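I opened a new page for this chain.

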Amino acid sequence: MDGVHRADGVDPGAVGDRALEIEPLRDRSGQGTVDPEWSVTATLTRLAEDIGLKFSTVKSARWVSSRWPADRR
């Protein structure tokens, strides 16, 4: 990916794409139960820890990536 990198070398598009791959956005209907160990927060927290970023950074990058077409991010 030839995206824009921040000063710290992080490619927000790549982070967001990875987060979406691991945890796609779900509808807000609330149907079904989710095991707390596999909740969105838990999954994105694990990803953030694995790549050395804050949870909020990964969560924001995921949301932004979900709003842009793949060929534009």
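Entry one, burial and surface. I looked up burial and found that 26% of the 73 residues in the protein chain are buried. I keep in mind that this is a predicted model. The accessible surface of the chain comes to about 5400 Å². Carbon and sulfur atoms hold 53% of that surface.

Entry two, layout. I counted three helices and zero strands in the protein chain. Along the sequence I read the pattern α-α-α. I then turned to contacts with a separation of 6 or more, and 46% of them join residues 24 or more positions apart.

Which residues make up the largest nonpolar core? I listed nine: V10, V15, A19, L44, L47, A48, L53, V58 and A61. At least two residues of this core come from each of α1 (12-22), α2 (40-51) and α3 (55-67). With three residues, α2 gives the most to the core. I also checked A61, a member of this core. Beyond its neighbours within four places in sequence, A61 is in contact with P12, V15 and G16.

Entry four, α1 against α2. How do the axes of α1 and α2 cross? I found that they come within 10 Å and cross at roughly 140 degrees. For the residues involved, I noted V15, R18, A19 and I22 on the α1 side, meeting T43, L44, L47 and I51 in α2. V15, A19, L44 and L47 were already in my core list.

Methods
Residues numbered from 1 in each chain as written. Predicted model: local features only at pLDDT ≥ 70, side-chain atom pairs only at ≥ 80, totals over all residues. Heavy atoms only, no water. Core = buried A, V, L, I, M, F, W, Y, C linked by side-chain atoms within 4.5 Å. Buried < 20%, exposed > 50% of the residue type's maximum accessible area, 1.4 Å probe, protein only. Contact = heavy atoms within 4.5 Å. Areas by Shrake-Rupley, 256 points an atom, 1.4 Å probe, with all protein chains shown as cover. Axes fitted to C-alpha atoms, helices over the stretch in contact; angles between N-to-C directions.
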